[in-house]
Amino acid sequence: MRARGVTLAARLDALEAAWTTASPWLGGHGGDAGVPVAHLPDLAEIPAVAARVRERLGLGADRTVVALAGSTGSGKSSLLNALAGLEVARPGLLRPTTSQPVAACADGSDPTSLLDWLDVRERTHLPAGSPLPDGIVLLDLPDHDSVEVMHRARADRLLERADVMVWVTDPQKYADAALHDDYLRPFASYGGVAVVVLNHADRLGAEDVARVLADLRRRVAADGLVGAHVVATSATTGDGVRELRDVLADAARRRAQEAARLVVDVRGAAALLLEASGGDGRAADAGASADELADALAEAAGASTVVDAVAASTRRQVHLVAGWPVTRWLAGFRADPLGRLGLGGPERRRTERPDLVRTSLPGASDAVRARAALAVREHVAGALDALPDAWRPAAAGRVDGEGLAGALDTAVAGTRLGAERAPRWARALGVVQAMLLGVGVVGLVWVLGVRGLAYLGVTLPLPELVLDWSAGQVRVAWPALLVVVGVVLGLLLALVASVCGRVTAVRRARRARRRLADAVAGVAQTAVLAPVRARLDALARTRELARRAATP
């Protein structure tokens with residue numbers, strides 16, 4: 001079944017894919033959009049339309065369901081018998097109103113599944129050679145003006161499932177508002193698969209038939225049923241029955257006629273979805289760039305404070321490990337800068353999930369928070385504010401400021417800053433510093449020991465180092481030399497360690513900044529960029545699929 005080269009199955013596939021893509025984002029379906037489903041009643045019917053068409057396609061394509069609809073006394077049952085050439089329905093006093101649908105099935109594939117789907121229990125299989133065209137399933141529907149609500153409901157349900165609709169009226173009721181307002185006008189888009197029959201034409205003279213038929217054609221055109229056939233018939237005399245049968249035969253011969261009703265349904269549903277998705281409009285891209293957003297969020301997360309703390313902590317570690325032992329113990333009284341922020345210390349190193357540790361970073365200033373909020377709004381607003389109403393998220397669906405702040409803090413806390421321990425070279429220098437300190441202590445103890453013995457009257461000579469200079473000899477006591485060497489070299493080594501520590505601190509700070517930037521970018525991607533992009537991508541795909549399903 002095709003319509004201008006596009007198969008009905010392809011249209012239906014596109015409609016179902018479009019609805020699957022769109023439904024999580026539309027109001028009342030995904031739970032995050034701003035327009036409740038009560039405001040989108042037509043969209044809510046799209047799954048039912050798709051399911052009905054899909055089910056109908058699965059029942060075979062060689063059967064054309066023709067529904068005879070009309071009011072009480074319009075002669076539907078008699079007309080069905082005349083078309084079938086057999087008494088299928090019992091008209092007249094024995095059956096003054098039609099309460100249950102009746103089916104007359106011409107030759108073709110087994111219609112059992114189709115009739116079960118239609119829920120038609122009274123069914124007659126016409127013999128071979130019946131005047132009813134092959135492939136036709138002719139239904140006599142319950143009267144649409146019945147006082148029984150169930151009768152009207154059955155008629156309406158079958159009208160939704162019919163391929164060709166035949167509206168049967170008579171000279172007394174052809175102008176009734178109930179027929180035109182409640183049925184013909186609402187089905188105006190189905191003019192190509194609709195027939196309007198003026199039955200009981202034998203009750204009028206020839207001139208009256210022509211006049212009433214012309215008036216009926218005018219009213220049908222005014223109702224919007226462009227292309228609908230208007231036929232005058234008489235089930236009693238057989239006038240017009242052949243013409244009506246030819247119309248039905250034409251519908252059965254041309255399979256496009258069978259698909260026309262379903263194509264209209266699919267195109268109509270796709271057009272509704274396309275309209276709700278902004279038609280041919282294009283959603284604007286996000287305003288602020290991802291880099292600008294990440295920079296603003298990094299500042300709001302206190303990344304600069306953490307980077308400075310990494311540098312200060314590294315210098316402190318180097319001083320504690322490789323500084324001059326006589327003074328470096330003083331640095332131990334100062335708290336670790338990373339520890340003050342909840343980002344360092346043995347507690348952090350011992351935990352198995354450092355990403356769950358919360359920081360003690362000071363809150364961002366009002367200016368920084370405002371900049372971050374503005375960056376988020378600029379990135380989100382440019383995209384979401386240009387969306388169609390049905391696709392816009394409610395306030396709850398926008399970026400959660402508190403949740404974003406918590407995610408940023410968790411990301412900072414979970415980042416491996418690379419400043420947990422002193423560098424290896426500093427630890428190696430610390431070993432050398434300990435040796436130099438030992439040398440100085442040995443020399444000092446030696447000097448003090450000799451002086452103490454001299455005070456007690458015991459004289460011990462101090463070994464000396466004799467250096468020959470051009471000006472003479474210079475004698476240096478070995479204990480004093482050990483003290484000087486231990487102190488001077490220790491101080492020089494501490495100075496070298498301090499310079500190298502500053503270089504290492506800068507290098508670690510740069511690495512920490514990169515890692516923090518990656519962590520913050522991950523939060524921005526998860527909390528801001530990905531949801532916006534997912535919504536825009538879903539909208540673009542929905543539009544593409546809906547256009548494919550709705551194409552003429």
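This dialogue works through several features of a predicted model.

User: Which strands pair with β4, and in which sense?

Analyst: Strand β4 (residues 102-105) pairs with β5 in the parallel sense over four bridges. Within that pair, Glu122 of β5 is the bridge partner of Val102. With β6, by contrast, β4 runs antiparallel, and four bridges join the two. Cys105 stands opposite Val137 of β6.

User: Which strand pairs with β6 in the parallel sense, and are the residues of β6 buried or exposed?

Analyst: Strand β3 (residues 64-70) pairs with β6 in the parallel sense, over five bridges. There, Ala67 stands opposite Leu139 of β6. To read burial, one compares the relative accessible area with a cut-off: under 20% counts as buried. Strand β6 (residues 136-140) is mostly covered, five of its five residues being buried. Ile136, Leu138 and Asp140 point one way from β6, while Val137 and Leu139 point the other way, and all are buried.

User: Asp140 is a charged residue on a buried strand. Which side chain does Asp140 contact?

Analyst: A polar contact of 2.6 Å joins the side chain of Asp140 to that of Ser77. Ser77 belongs to helix α3 (residues 76-84). Ser77 has a relative accessibility of 7% and counts as buried.

User: Why is β8 described as largely enclosed by the rest of the structure?

Analyst: The count of buried residues gives the reason: five of the five residues of β8 are buried, so β8 is largely enclosed by the rest of the structure. Ala194, Val196 and Leu198 point one way from the strand and Val195 and Val197 the other way, and all are buried. As for its pairing, β8 runs parallel to strand β7 (residues 164-169), with five bridges joining the two; Met165 stands opposite Ala194 of β8. β8 also pairs with β9 in the parallel sense, over four bridges. His229 of β9 is the bridge partner of Val195.

User: Thr169 is found in β7. Which backbone atom lies 3.2 Å from a polar atom of its side chain?

Analyst: That atom is the backbone nitrogen of Tyr174. Thr169 itself is buried, with a relative accessible area of 3%.

User: Which residues have a positive phi although they are not glycines, and where are they found?

Analyst: One of them is Asp119, which is not a glycine and has a positive phi of about 60°. Asp119 is placed in the loop between α4 (112-118) and β5, and it is partly exposed at a relative accessible area of 36%. Another is His200, also not a glycine, with a positive phi of about 60°. His200 is in the loop between β8 (194-198) and α7 (206-222). At 11% relative accessibility, His200 counts as buried.

User: How is the second largest pocket lined, and which helices contribute?

Analyst: The helices α2 (46-57), α5 (149-161) and α9 (255-276) each supply at least two residues of the lining. The largest share, six residues, comes from α9. By class, the lining has nine nonpolar, two polar and seven charged residues.

User: Which residue is 535 residues from Asp13 along the chain, and what separates their C-alpha atoms?

Analyst: The residue is Arg548, and the two C-alpha atoms are separated by 9.6 Å. Arg548 lies in helix α18 (residues 478-550). With a relative accessible area of 42%, Arg548 is partly exposed.

Note on methods: Residues are numbered from 1 along each chain as its sequence is written. This is a predicted model: local features need pLDDT of at least 70, side-chain atom pairs count only at pLDDT 80 or more; totals for chains, interfaces and linings use all residues. Side-chain values use heavy atoms; hydrogens and water are left out. Buried means under 20% relative accessible area, exposed over 50%, partly exposed in between (1.4 Å probe, protein chains only). A polar contact is a pair of N or O atoms within 3.5 Å; within protein, one must be able to donate a hydrogen and the other to accept it, and residues adjacent in sequence count only if both atoms are side-chain atoms. Two strands pair if DSSP finds at least two bridges between them.
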